[in-house]
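Let's take a friendly walk through this structure together. Keep the model open beside you as you read.

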Amino acid sequence: MKKIYVIHENQEWSVHLFNRLEELGLPYEDWHLASGTIPLHEAPPEGIFYSRMSASAHTRDHRYAPELAAAVLSWLERHGRTVVNNSRALQLELSKVTQYMELERFGVRTPKTIAAVGYEQILQSADAFEGQPFITKHNRAGKGLGVRLFQNKPALEAYLKSDEFEEPVDGITLLQQYIEAPEPYITRCEFVGGQFVYAVRVNTSEGFELCPADACSIEDLFCPAGEEPQAKFQIDESFNDPVLESYAKVLEANGIQIAGIECIRDKEGNLYSYDINTNTNYNSEAEEKAGTYGMLEVAKYLGSLLKEEQPALV
């Protein structure tokens with residue numbers, strides 16, 4: 001019997017998918033790629049292969065998991081296997097520069113960004129923001145890696161000289177226009193099977209850790225005046241923007257079926273998109289309140305693909 005193979009390196013982020021696959025009675029196999037081998041002289045098994053490889057793998061001591069995943073995906077694609085979030089999708093996961101170029105190619109506005117390698121080059125790049133606040137971030141990142149807000153070039157210089165400066169795993173530091181929103185939140189648009197599922201509103205008042213996975217969640221944010229607590233993650237059923245059509249085109253053109261795309265609106269109402277996460281996760285508390293479940297939709301989608309290859313599957 002054919003199976004659904006889940007390619008990943010983080011058990012905490014994948015266990016919810018496994019639970020949903022079991023709930024639906026779908027056969028699956030866990031391909032954890034922190035380490036492993038690939039028998040290139042052999043054909044891979046038949047089935048559906050879903051890549052959930054993460055750009056932040058190196059923060060969990062899985063430094064070469066993305067490289068191993070890239071090799072596995074090449075092997076699968078060579079043999080014509082059905083791959084959800086293919087090798088091109090992995091390229092976008094591992095490079096925000098590549099993400100921005102694809103978003104811009106389809107008319108999606110991204111923040112002004114400079115990619116720099118080298119201390120002097122990073123520092124000099126601050127001049128491009130002409131005294132306006134800017135942020136730094138890692139090109140290959142996740143979980144807010146390297147994200148810092150700076151008001152001026154001297155503050156950046158002090159950071160670069162300090163022990164707090166984090167060298168990106170690929171060496172590329174991004175300096176990016178700081179988008180000041182009228183309210184402290186960003187929006188993350190979730191897609192499954194290339195179709196928009198829902199938007200989640202993420203409170204940013206506590207900083208740039210925006211991963212919605214339960215394993216990453218902090219406690220709800222509480223108002224000091226004693227009002228009702230404000231959840232960090234809330235599904236926004238009112239979100240409906242033309243950018244969703246462009247997002248769908250970006251995903252389709254890059255072999256991405258499952259992803260979350262993050263955006264923010266400035267005080268003038270301009271929408272900027274700045275991250276495509278092909279290893280998207282979901283927040284159970286927000287979903288429970290809204291009655292919609294991302295991982296269940298993912299499991300159903302993978303099951304539909306498996307049924308197409310194996311019609312006898314009940």
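Strand 10 and strand 11 (residues 233-235) run antiparallel and are joined by three bridges. Strands here are DSSP runs of E with at least two residues, helices are runs of H or I with at least four, and both are numbered from the N terminus. Two strands count as paired if DSSP finds at least two bridges between them. Arginine 201 has glutamine 234 as its bridge partner in strand 11, and threonine 187 also stands opposite this arginine 201 of strand 10. Strand 9 (residues 185-192) pairs with strand 10 (residues 195-203) in the antiparallel sense, over eight bridges. In their hairpin, two residues lie between the strands, and glycine 193 takes a positive phi near 65 degrees.

A word on the source: this is a predicted model, where local features need pLDDT of at least 70 and side-chain atom pairs count only at pLDDT 80 or more, while totals for chains, interfaces and linings use all residues. Residues are numbered from 1 along each chain as its sequence is written, and side-chain values use heavy atoms, leaving out hydrogens and water.

Now for the charged side chains. The whole structure holds 19 salt bridges (a side-chain nitrogen of Lys or Arg within 4 Å of a carboxyl oxygen of Asp or Glu). One of them joins glutamate 190 and arginine 188, at 2.9 Å from N to O. Both glutamate 190 and arginine 188 are buried (under 20% relative accessible area; exposed is over 50%, partly exposed in between, with a 1.4 Å probe and protein chains only). Glutamate 9 and arginine 60 form another, at 2.5 Å.
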